[in-house]
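Hello,

I am passing on the structure we spoke about.

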Amino acid sequence: MGVKGFVEGGIASIFAGCSTHPLDLIKVRMQLQGENGLPAPAQQPIHSLRPAFAYHSHHGSAAAIIAPPPRAGPISVGVKIFRTEGVKALFSGVSATVLRQTLYSTTRMGLYDILKTKWSDPESGNLPLGQKLLAGLVAGGVGAAVGNPADVAMVRMQADGRLPEAQRRNYKNVVDAITRMAKQEGVTSLWRGSGLTVNRAMIVTASQLASYDQIKEAILERHVMADGLGTHVTASFAAGFVASVASNPVDVIKTRVMNMKVEPGREAPYNGALDCAVKTVRAEGPMALYKGFIPTISRQGPFTVVLFVTLEQLRKTQ
């Protein structure tokens, strides 16, 4: 397929990313719930203590337990954003989404297509599931490494509205975000959480693309439906569900690591992905790794449907 696969995948991904951006923003806000309101010493009126610091505060028996606020669902989170920040806030970071899809998804979709074509049986054109998964792992990892700066910018821009006004970064757009991060925190900050991004992208791409191809092939081979819109929607929604279940824990940790503020002279909230995972589970329980799952599947489902339906239509026009 060559360049054609990259172009088609990029166009479909940008369209899908922009159309489901509000759902992605709600998912990020929900994944960051629980970072505030954790146990804090009574004599220190700290109101924004992260899980990272929950186990570094030892001041004897005087410590008071502050109950965490109730968890808000996706609808209430969306309504709150709309009421307090306005409808434009639902599209905060959309410029970063466009850049991310341009870099990350264009690369992963095009590379997966090349590997799938190269590894397929020349006679039947089929590719075993194991090799589809391997192609997805490789394509996702490479794409994530390329698109990480845009991913960091997107997470920060989406999360900014939840902070007090004095603490907001107020990035104007993705270019401003990347430029300021590089100047204020160093160029390496653009690849903060890159290990998590790569891991998540490998999981998402392998589960999403491989499962779509596998389910679509099964539907066609069993003559359940013809190769049309119904098949594409069914296979893509199923692929979105598989990708959501597989990637949500890594996505929660990635969001928190990317969003953390590292201030000069102060200890970083998390010392990497494993540290973040351990502190999150200890402070909030293992199900914290599935925070935002409803908006994740609510976003991943439509995103995957729009992605593959658009992609299939683009292929038909050629």
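A salt bridge here means a side-chain nitrogen of Lys or Arg within 4 Å of a carboxyl oxygen of Asp or Glu. The model is predicted, and by this rule it holds 19 salt bridges.

One of them joins Lys27 to Asp24, at 2.9 Å from N to O. Both residues belong to helix α2 (residues 21-31) and sit three residues apart, about one turn of the helix.

Arg100 pairs with Asp151, with 3.1 Å between the closest N and O atoms. This pair links distant parts of the chain, since Arg100 is in helix α4 and Asp151 in helix α5 (residues 129-159), 51 residues apart. Arg100 counts as buried because its relative accessibility is 8%, and Asp151 is buried at 2%.

Arg156 and Glu185 form another salt bridge, 2.8 Å from N to O. Arg156 lies in helix α5 and Glu185 in helix α6 (residues 174-185), so the pair ties together parts that are 29 residues apart in sequence. Arg156 is buried at 0% relative accessibility, whereas Glu185, at 26%, is partly exposed.

Salt bridges with shared partners also connect Asp24, Lys27, Arg100, Asp151, Arg200, Asp251, Lys254 and Arg299 into one network.

Regards

Key: Residues numbered from 1 in each chain as written. Predicted model: local features only at pLDDT ≥ 70, side-chain atom pairs only at ≥ 80, totals over all residues. Heavy atoms only, no water. Helix = DSSP H or I, 4+ residues; strand = E, 2+ residues; numbered from the N terminus. Buried < 20%, exposed > 50% of the residue type's maximum accessible area, 1.4 Å probe, protein only.
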